[in-house]
Each structure stands twice: as C-alpha cells, then as structure tokens.
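Hello,

Here is the structure I promised to pass on to you. Please open it beside this email, so that you can find each residue as you read.

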Amino acid sequence: MLEAALEKLVVGNEDFEAIENAYDVYCPFEAIGVIRQEIRHAHFLAHCLDPQRPHGFGAECLRAVMRVAAKAKQSDAYQADGHFSSLDVHLMDLDSAQIRREWRRIDLVIVLREERLIIAVELKIDAREHSGQLTRYRSIVDEEWPRSEGWRHMFLFLTAAGDDVSEEEASHWLPIEFDAIAREIEKITDKGLGNPDARALLTAYLRMLRRHLLTDDRMKELAAKLWSQHREALAFLMDNRPDTGDGLLAHLNEERLQLASMLADASGLDVQCDDFSRNFIRFGIADWDGVVGMTDGTWTSSNRLMLIELAQAKSGRVRMRFVLGPGQSGARQRIYQLLESGDVKLGRRGKLSGMFTRLASQSVALPEEIEDGEFAGAIEIVKSALLRFGENEIKAYDRALRPTSAPTLT
C-alpha cells in the first residue's frame, strides 16, 4: 500500500516533476556561493542598476527599484523627505544616475543630481542591523548632500523578508522586501529587454532568489496540491529523512505541547497542536472552528484555513505569524474581511494573496552565536515572544473573528 503511494507520488507525476525540475538546474550564482553573501548581492545589484553599464537594460532596473519604493511609501508611516510617486518615477530621466557601491560603508547610494535626490540602500541577507548603523549612514548622507542645499533623501532597508527597522530609525528607513524588487525586475526580463547574456544572467539571479530567499507562490501551490493528494507518502518520507537535524526548531518541536499550553494560557483560548515538520510548527485554535468557513481549508490535516505558524527563517531569526492558507476562496475572503474590519495587524502587503497570506508576522532576534546543543537561552527567548503573541495578537484576532465573544464592560 505504502509502496504504491510512493510510486504514485514520484513516477510520472507532473506536479512532482515540476518541483524537481525547478530545483534541478545549473545556477552560476549558486556555483560561486552568492546565495547568502550580502557583498556579492550588492555588487550584482549595483551593476544592474547602473544605466552606464553595458547590460542593455538602460535605467529600467533602477526605475523598477524606485517604483517599489514609491509604492511602499504610499502605504507606510515613513516620514522622510524623499517624496515622489509612481508617476514621478515614470517621468524621471534616470540615464545620468550615479550608482555608488560601498561608499563610506553604505551598501548602495543612488545619486540623481537633476532630481536633487539621494537614495541610500542598506542590504541585509543574514546579518542584522548593527547598533547605530542606520543613524550613522543618515548623518553621512546629510553631511555630503545637505538638505539646506535642496537635496532630498530616501533610505531603503532591503531584506529577504521585509524585516522591520529599529524603532529609533523606523520613520527614516523604509523596509523593502527582495520579493517586491524581484517581481518588478521580472517584468524587465519578461519583456526581453537587455542584451541576451545579461538577460540570461539576471533571470538566473531572480530564480536563485526564488529558490533560496523568497516565496515562490507557484511552487507552494504545487506543494499544497501534492500534500493534499499524497499526504501518506510525503509523511513517510519526512519521518524517514536521513538528515533530521537537531537545531533550534527541532528542540522547540519537542516542546510543542507545552508551547500550545502557553499560548492557551496567554490568550484564554483552546490552542491545539496542528501540523509540524523540521521547518515549522503550527497551532490551531479550536474556539474558531465555529467561525463560518474556518474549516474549509485544504492545506492542513485539521482542514483549518488559518493557523499560527512558528518557523525559523534563513536569517536565523524565529518568526511567528498567522497563515491563511489554501481553501475555498469564498471562505478565505470572508475571514480576511472579518480581520480587516476588526482593525488588527495584517500582512505587510495589505491584501489577500492567491494561496498563502501571512498575517501579524513577528520576528524574534536570537543570540548571534548559539553553541552546539546549547539552545536553552534561545528557547526561553522564543517562549517569551510566544506569550506576548498570545496576549496581544491572538486576543485581538479573536475579537475580530468572534466580536460577540468579547466581554462587555459594565
């Protein structure tokens, strides 16, 4: 029975082959170790953004990055003075832009003299914002291009997951996700712009980002479909992986019943363990099963549409968030509208996506070095963050999903 299930999964299965083919490719960036090297990412991006380089893209890659910044700024509390809209970006003459790499330790500086605009970009893959780093960079830019002389400044904090900036710099630096940049630049390669060699290299770079650093909705859709059709075979393969590992998430997984109990105590709700793997731990809330549409999901063993997910990002940080996964579209829309009307913290994109919508995401910073097998301190940090998540986010979501369950004041 199990052998037949495994055969059905891997032999002649178009969805399985599509995932296998997506990852079974030669990538020059993987070959030279670019994946997690911030310096090399910044070098390549600087080359693509520079209109003077012989890649044939002209200023289109730079314009794509500026479109992302303009869109993000419109929906953000960002208060710096780099005021421009998507229309402004469309009309700008960017051919004479100067791109400075590692100028006074700032990853990228874009100088638009005709626009009297300076855009500084700090790029992070695994490293974190250093104490006082962003404040120091702002001072350097203001010293070189003073506002008193009519210069405008914009500061972009570019990360794989759109990490938040420290509280003291949150009104000055605009968080940008690599995914947003990739989607805009993909429009350039899709149009066939640039010389063929440069276009092929840029396409390889974008695919490398999707495989290792970003969310690939198509791959996630295929994975969800495979799990719904071949759960027994996949569960067998997961349980028998030869490299199960003993990292932080594995230790947290061993305590998932206690974690569920902690979330229950903090929120006052019936929090239960749901799906888990070496990459994530998920919890469901039984009190919400009565919400219309909540059990119309197709991505979990409990059929719950929305779960709490605990996962370790590639940056090393632990993330906790609500995930609204695949299921009946009407049910997904209804639940998302309940949350919107409940005025709770939603995802950074501010809209319901096609497959997986990540909501109320929180990132937990851990010690930069964790000695082998010594996870006690990191586990306590995660537990404290989980308690805050239960006390604040879960309670707020409960009020939005079940407004009549909230206690009335007398």
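Below are some notes on the cavities and the aromatic rings.

One thing to keep in mind from the start: this is a predicted model.

**Cavities**

Rolling a probe the size of a water molecule over the atoms shows where empty space is left. Here the count comes to two cavities of 30 Å³ or more.

The largest cavity holds about 90 Å³ of space. Which residues line the largest cavity? They are Leu45, Leu49, Val65, Leu108, Val121, Leu156, Leu158, Ile176 and Ile181. Helix H4 (38-49) and strand E4 (152-159) are the elements that give two or more residues to this lining. Sorted by class, the lining has nine nonpolar residues, with no polar and no charged ones.

The second largest cavity has a volume of about 50 Å³. Around it you will find Asp93, Ser96, Ala97, Val111, Leu112, Arg113, Glu114 and Glu115. By class, that lining is made up of three nonpolar, one polar and four charged residues.

**Aromatic pairs**

How many aromatic pairs are there? The count is nine. Two of them are described here.

Take Phe44 and Tyr205: their ring centres lie 4.8 Å apart, with 45 degrees between the planes, and the pair is tilted. This pair links distant parts of the chain, as Phe44 belongs to helix H4 and Tyr205 to helix H9 (residues 196-212), 161 residues apart. Are these two residues buried or exposed? Phe44 is buried, and Tyr205 is buried too.

Now look at Trp288 and Phe322. Their ring centres are 5.9 Å apart and their planes stand at 40 degrees, so this pair is tilted. Distant parts of the chain are linked here as well: Trp288 sits in the loop between strand E7 (280-285) and strand E8 (306-312), while Phe322 is in strand E9 (residues 318-324), 34 residues apart. Both Trp288 and Phe322 are buried. Ring pairs also link Trp288 and Phe322 with Phe389 and Tyr397 into a cluster.

**Charges over rings**

Finally, have a look at two arginines. Arg104 lies over the face of Trp103, 5.6 Å from the ring centre. Arg116 lies over the face of Trp151, at 4.1 Å from the ring centre.

Enjoy exploring, and write back with any questions.

Best wishes

Conventions. Residues numbered from 1 in each chain as written. Predicted model: local features only at pLDDT ≥ 70, side-chain atom pairs only at ≥ 80, totals over all residues. Heavy atoms only, no water. 1 Å grid on protein atoms, 1.4 Å probe; cavity = no way out; pocket = protein on both sides within 12 Å on 5 of 7 lines; lining within 4 Å. Points joined across faces, edges and corners; volume = space filled by probe spheres on them. Helix = DSSP H or I, 4+ residues; strand = E, 2+ residues; numbered from the N terminus. Nonpolar A, V, L, I, M, F, W, Y, C, P; charged D, E, K, R; others polar. Phe/Tyr/Trp six-rings, centres within 6.5 Å; stacked < 30°, edge-to-face > 60°. Buried < 20%, exposed > 50% of the residue type's maximum accessible area, 1.4 Å probe, protein only. Lys NZ or Arg CZ within 6 Å of the ring centre and 35° of its normal.
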